[in-house]
Amino acid sequence: MNRAVVAAMTEAGETADTLAAQVGVDPKTAARWASHGRIPRPQTRRRVAAVLGREVTELWPDVLKRREPAWFRRWVDIEREAVALRWFELAWVPGLLQTEAYARATLAGEKLTTDDVGRLVEARLQRQAILRRENPPMLVVVLDEMVLRRSAYGNRSLMREQCEHLVACAAQPTTAIHIVPASVGMYSGLGGPFILAELDDGSVLGHADSQTEAKIIDQSTEVATLGRRWERIRGESLSRTQSLELIREAAASWT
């Protein structure tokens, strides 16, 4: 529980309903701000703080401790508010499902100091807290099979651990992992990875990454395009049970 938010609401005589009305959100969303780790987006944070007569940093001190790059923070805010995430990855295990060792391996070869790597890995692992909270988002992940087969600089134990971690994650009722098998050949996912985040008000935002930039997609036509692409990719993937069997087989192959 975020005791600072609860105390501020009590002192200001605000309930989730009254706070939501003043800030312009759904009462369920406002109620979640009393939970640890549920941080509103920047503009909303400022409105909430003004209504409660507090500073943003009093209510959410972790905002100043954020480890992720500044350019990525808007998406992390969206990720925290999402009630559902649909995530397709062509080359990597999604950050929300990575082990620490795998996360470090993804940064190998970059022009980063040891401190930089540690900061980025810590930020990635901190994001995973949304999957452990009381009301986690529904997470549906589709992975290309090569994500399971690609060696991490020859470190077989690292890949075995990562595949076993995926099995454990898939056992959670709010997480589903599907695999597009190598036998499919060419399919829509070869165009690149993306994420779709559904928010509490029913709106959907997208995120697409490239070698040079990450882009948040909020135009309805582009979001709809990603939605259609997701359906085609999902249609090429194995069932949840079949995918789990394939992940277990991949884990065993790295022994």
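**Exercise 1. How much area do domain 1 and domain 2 bury between them, and what percentage of it is on carbon and sulfur atoms?**

Before we start: this is a predicted model, in which local features need pLDDT of at least 70 and side-chain atom pairs count only at pLDDT 80 or more, while totals for chains, interfaces and linings use all residues. Residues are numbered from 1 along each chain as its sequence is written, and side-chain values use heavy atoms, with hydrogens and water left out.

*Solution.* 
- Step 1: find the two parts. Domain 1 covers 3-64 and domain 2 covers 70-254, with bounds from an automatic or database domain assignment.
- Step 2: read the area. The two domains bury about 950 Å², 41% of it on carbon and sulfur atoms. Buried area is the accessible area (1.4 Å probe) that two parts lose on being put together, summed over both.
- Step 3: On domain 1, R38, I39 and R41 supply 58% of the area buried against domain 2, more than any other three residues.

**Exercise 2. Find the salt bridges across the interface of domain 1 and domain 2.**

*Solution.* 
- Step 1: apply the rule, a side-chain nitrogen of Lys or Arg within 4 Å of a carboxyl oxygen of Asp or Glu.
- Step 2: count. The rule finds two salt bridges across this interface.
- Step 3: check a pair in your viewer. R32 forms a salt bridge with D200, and their closest N and O atoms are 3.3 Å apart.
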